[in-house]
Amino acid sequence: MNLVRSLYYRNSAAGESSLLQSVKNSMARETEIKLRITDLPAFHRALKRMGARPSGPGTSKVHEENVIFDTPQGGLAKHGQLLRIRTETPEVRGNSKHSPTKQRVILTFKQPMARPASAETESSPDGPYKVRDEIEVEVAESRNLARIFEGLGMSGWFRYEKYRTTFRLPASKTWAKGLLIELDETPIGTFVELEGPAAAIDRGAAELGYSRREYVLKNYLRLYMEDCRRKGKEPRHMLFPNRE
């Protein structure tokens, strides 16, 4: 998949493009890290000790199907930008006829944070965290939105899926205000994303048994590409085997 490979190698470049500049001022700052989970039962025990609970009803496990859009020339990726349509489908147990699933479709645009020229250095200015400007909009459905992007000359060049369960800590843990603990089961392994204030991320990671040296700042595209390289596989889409 030459397009995946070429856009991946452009993905680390930073800069600005004119596309979607009109939404720039409404963006929120996203601060997050990933941690690779090698012992899932131990991770759940740590969550229990912390008092973490699923943030939604039931199991709170959601299947995510993500599609990244870009121009044939990689105009967004080469500037470190991302345009994504995500479709979330809650997991339903038992008799689904009496518990119809309601999908949620989210349009996301991300880009590197704008910085003054004097602040640009070769080292990461964000320390051990991944910090980006982000805007998200919930939309009614994905099909027509994808057709609009295609009409503008873009295509959905990379698809990836995962199952995500989001946890929150109780209000009594005042240090964890604004912290999300998001467990991701993916085709390339299990990860947890910690998103929120930097201090809360550090303390949450420590209570889960991780140090800063174990923080992962790579996105799932890059992790997928590295996994394919290790296994000698041709990159395609990051999908579970029964969906490829």
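Student: Buried means under 20% relative accessible area, exposed over 50%, and partly exposed in between (1.4 Å probe, protein chains only). Where does Asn66 fall, buried or exposed?

Tutor: Asn66 counts as buried because its relative accessibility is 0%. Keep in mind that this is a predicted model, in which local features need pLDDT of at least 70, side-chain atom pairs count only at pLDDT 80 or more, and totals for chains, interfaces and linings use all residues. Residues are numbered from 1 along each chain as its sequence is written, and side-chain values use heavy atoms, with hydrogens and water left out.

Student: Which strand is the place of Asn66?

Tutor: Asn66 belongs to strand E3, residues 61-70. Helices (H or I, at least four residues) and strands (E, at least two) are DSSP runs numbered from the N terminus.

Student: And what does Asn66 touch?

Tutor: Leaving out residues up to four places away in sequence, Asn66 touches Arg84, Ile85, Arg86, Phe158, Arg159, Tyr160, Glu161 and Lys162. Touching, or contact, means heavy atoms within 4.5 Å. With Arg86 there is also a side-chain polar contact, of 2.5 Å. A polar contact is a pair of N or O atoms within 3.5 Å; within protein, one must be able to donate a hydrogen and the other to accept it, and residues adjacent in sequence count only if both atoms are side-chain atoms.

Student: Let's zoom out. How many helices and strands in the protein?

Tutor: There are five helices and nine strands. Starting at the N terminus, the order is α-β-α-β-β-β-β-β-α-β-β-β-α-α.

Student: How much of the protein counts as buried?

Tutor: Of its 244 residues, 45% are buried. Among contacts with a separation of 6 or more, 72% link residues 24 or more positions apart.

Student: Which residues touch the most other members in the largest nonpolar core?

Tutor: That core has 26 residues, and Leu35, Phe43, Leu179, Ile181, Leu194 and Leu208 touch the most other members. Two or more residues each come from strand E1 (28-37), helix H2 (40-50), strand E8 (180-186), strand E9 (189-195) and helix H4 (198-207). H2 gives the most, with four residues. A nonpolar core here is a set of buried Ala, Val, Leu, Ile, Met, Phe, Trp, Tyr and Cys residues joined through side-chain atoms within 4.5 Å.

Student: What does Ile181 touch?

Tutor: Beyond residues up to four places away in sequence, Ile181 touches Phe43, Leu47, Met50, Thr165, Thr166, Phe167, Leu169, Val192, Glu193 and Leu194. Apart from this core lies another of 15 residues, including Ile68, Leu82, Tyr160 and Leu221.

Student: Back to H2. Which residues are buried in it?

Tutor: Phe43, Ala46, Leu47 and Met50 are buried in H2. Seen down the helix axis, these residues fall within an arc of 100°, so they line one face of H2. The arc is that of the directions from the helix axis to the C-beta atoms. Cover for the buried residues of H2 includes E1, strand E7 (155-168), E8, E9 and H4.

Student: What's on the face turned away from the buried side of H2?

Tutor: That face carries the exposed residues Lys48 and Arg49.

Student: What about the two ends of H2?

Tutor: At the start of H2, a side-chain oxygen of Asp39 comes to within 3.1 Å of the backbone nitrogen of Ala42. After H2 comes Gly51, with a positive phi near 85°.

Student: Now helix H3. Which residues are buried?

Tutor: In H3 (residues 143-151), Leu145, Ala146 and Phe149 are buried. Their arc, seen down the axis of H3, is within 100°, so they line one face of the helix. E3, strand E4 (82-90), E5 and E6 are included in what covers them. On the other side of H3, Arg143, Arg147, Ile148 and Gly151 are exposed. Just after H3, Gly153 has a positive phi of about 95°.

Student: How many bridges join E5 to E6?

Tutor: Eight bridges join strand E5 (residues 104-112) to E6, and the two run antiparallel. Two strands pair if DSSP finds at least two bridges between them. E6 (residues 130-139) also pairs with E1, in the antiparallel sense, over five bridges. There, Glu30 has Arg132 as its bridge partner in E6.

Student: What is the bridge partner of Leu107 in E6?

Tutor: Val137 is the bridge partner of Leu107. Leu107 is in strand E5 and is buried, with a relative accessible area of 18%. Leaving aside neighbours within four places in sequence, Leu107 is in contact with residues including Leu83, Ile85, Val137, Leu145 and Phe149.
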